[in-house]
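Let me put the sequence and the model up, and then I'll walk through what I found.

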Amino acid sequence: MPHTIRAPALLHFAAATAEAHGVPPQDARLLADTLVTAELWGHPSHGMLRLPWYLDRLASGATVAVTAPEVVRDNGAVLVVDGHHGLGQVLAAHAVTWGVERARTHGVSAVAVRDSGHFGTAAYFTRRAAEQGCVALLATNASPAMAPWGGREKRVGTNPWSIAAPGGRHGTVVMDIANTAVARGKIHHAKERGEPIPEGWAADADGVPTTDPRRAVEGLLMPMAGHKGYAISFMFDVLAGVLTGSAFGTGVVGPYEPTGRSGVGHLLLCVDIAALADPAEFGHRMEALIAETKATPTAPGTAEVLVPGEPETRTAERLRTEGVTVADDTWAALTRVAEATAVPLPVPLPVPLPATHTAQEPPA
């Protein structure tokens, strides 16, 4: 039976277990927050199911517990950072801090990070930059998940990317996508829930389309939009892997592997809105674009047009009250983590009792 947990309790548990693996408290809390935020956004594929993966890599030494980024090249608006195999979340957060600072000075900035690790959802970090007055693009590479167009062996990562911008009174608009038909974590999430995956998501190890998530995990993800998704993913490996001096192609190791240096690379681009336009005017123009978009007549079966990032914002508002539901397999994995670290499991919310009805008295 799935367990429903309050978000703060999940965050405390995840942070405490990371600390038990030698991660400093501030970094442990950041790691935990990225996982719980993904859950609140309605993306459990990037949530608590990944915590044991990260901890296993810390335990093996594949990921260094104390992240110590080193700036190896500083050209003012451009920084190159060696992550020395630290936590991807911590390195991405540093990149945002540096990227925003340099963009405010130079108008634009580029922060290249090499030898990092998986950082979770890219939107977590581009949102941070947008909240500080920038339009931000963050690209990362990933371990092989799909075949090159026309091939049948995994050679290309999902290589996700995110763009975020301030949306005036609407908050932040943000896009975060993998270049495959679906993020690999959603395959793992379906596997943990024992559910089939939709057609068109993946193929098995022989390249035969499958709806079985177990066969898909060992097989291939399909590119989004056919050859276009493959080409975009390839070029983002150029930006995040080759250009940054990090690993690329088949040299990248995924977060679900307990050993092996990850070698993930990231590239963050920030544009300071104030360098191009009046920020208030930019906000008004964004509000006009959002209003025009949302006023579009809806297609049959659609209640409302949403803009990028809006579904996640609404889901988070609801789940902060209702709690986060953790799948059985994920809960079992968290139970093993609790036993290994001596960190108590978070207490699930009580299951609502079914409504009872008082039987009517028979007629006299």
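So, the lining of the largest pocket: by class, 21 residues there are nonpolar, 15 polar and 6 charged. On classes, Ala, Val, Leu, Ile, Met, Phe, Trp, Tyr, Cys and Pro count as nonpolar, Asp, Glu, Lys and Arg as charged, and the others, Gly among them, as polar. Before I go on, this is a predicted model, so local features need pLDDT of at least 70, side-chain atom pairs count only at pLDDT 80 or more, and totals for chains, interfaces and linings use all residues. Residues are numbered from 1 along each chain as its sequence is written, and side-chain values use heavy atoms, with hydrogens and water left out.

Back to that pocket. Its volume is about 720 Å³, and 42 residues line it, with H46, D176, I177, A178 and A183 nearest the centre. Elements giving two or more residues to that lining are α5 (122-130), β9 (172-177), α6 (184-193) and α11. β9 gives the most, 4 residues. Helices here are DSSP runs of H or I with at least four residues, strands are runs of E with at least two, and both are numbered from the N terminus.

How do I define a pocket? On a 1 Å grid over the protein atoms alone, a pocket is an open set of points with protein on both sides within 12 Å along at least five of seven lines, whereas a cavity is a set where a 1.4 Å probe fits but cannot get out; lining residues have an atom within 4 Å of a point. For volumes, grid points are joined across faces, edges and corners, and we take the space filled by probe spheres set on the points.

The second largest pocket holds about 320 Å³ of space. Of its 19 lining residues, H188, K191, V217, E218 and Y256 are the closest to the centre. The elements contributing two or more residues are β6 (144-146), α6, α7 (213-218) and β12 (220-221), and α6 has the largest share, 5 residues. By class, that lining divides into 9 nonpolar, 2 polar and 8 charged.

Next up, salt bridges. Side chains of opposite charge can pair when their charged atoms come close. I count a salt bridge when a side-chain nitrogen of Lys or Arg is within 4 Å of a carboxyl oxygen of Asp or Glu. How many does the structure hold? There are 8 salt bridges. One of them joins D74 and R102, with the closest N and O atoms 2.8 Å apart. That one links distant parts of the chain, from D74 in strand β2 (residues 70-74) to R102 in helix α4 (residues 88-106), 28 residues apart.

Then look at E304. K294 forms a salt bridge with E304, closest N and O atoms 3.1 Å apart; K294 sits in helix α10 (residues 279-294), and E304 is in the loop between α10 and α11 (310-322), 10 residues away. R314 also meets E304 in a salt bridge, at 2.7 Å, N to O. R314 lies in helix α11 and E304 in that loop, so this pair ties together parts 10 residues apart in sequence.

K294 is partly exposed at 25%, E304 is partly exposed at 35%, and R314 is partly exposed at 38%.

Compare E39, in helix α2 (residues 25-40): at 5% relative accessibility, E39 counts as buried. Not counting residues up to four places away in sequence, E39 touches P44, G47, M48, L319 and V324, where contact means heavy atoms within 4.5 Å.

Last bit, backbone. Most residues other than glycine have a negative phi. H85, though, has a positive phi near 65°; H85 is in the loop between β3 (78-82) and α4, and counts as buried at 19%. A342 has a positive phi too, about 60°. A342 lies in the segment after α12 and is exposed, at 67%.

How values were computed. Buried < 20%, exposed > 50% of the residue type's maximum accessible area, 1.4 Å probe, protein only.
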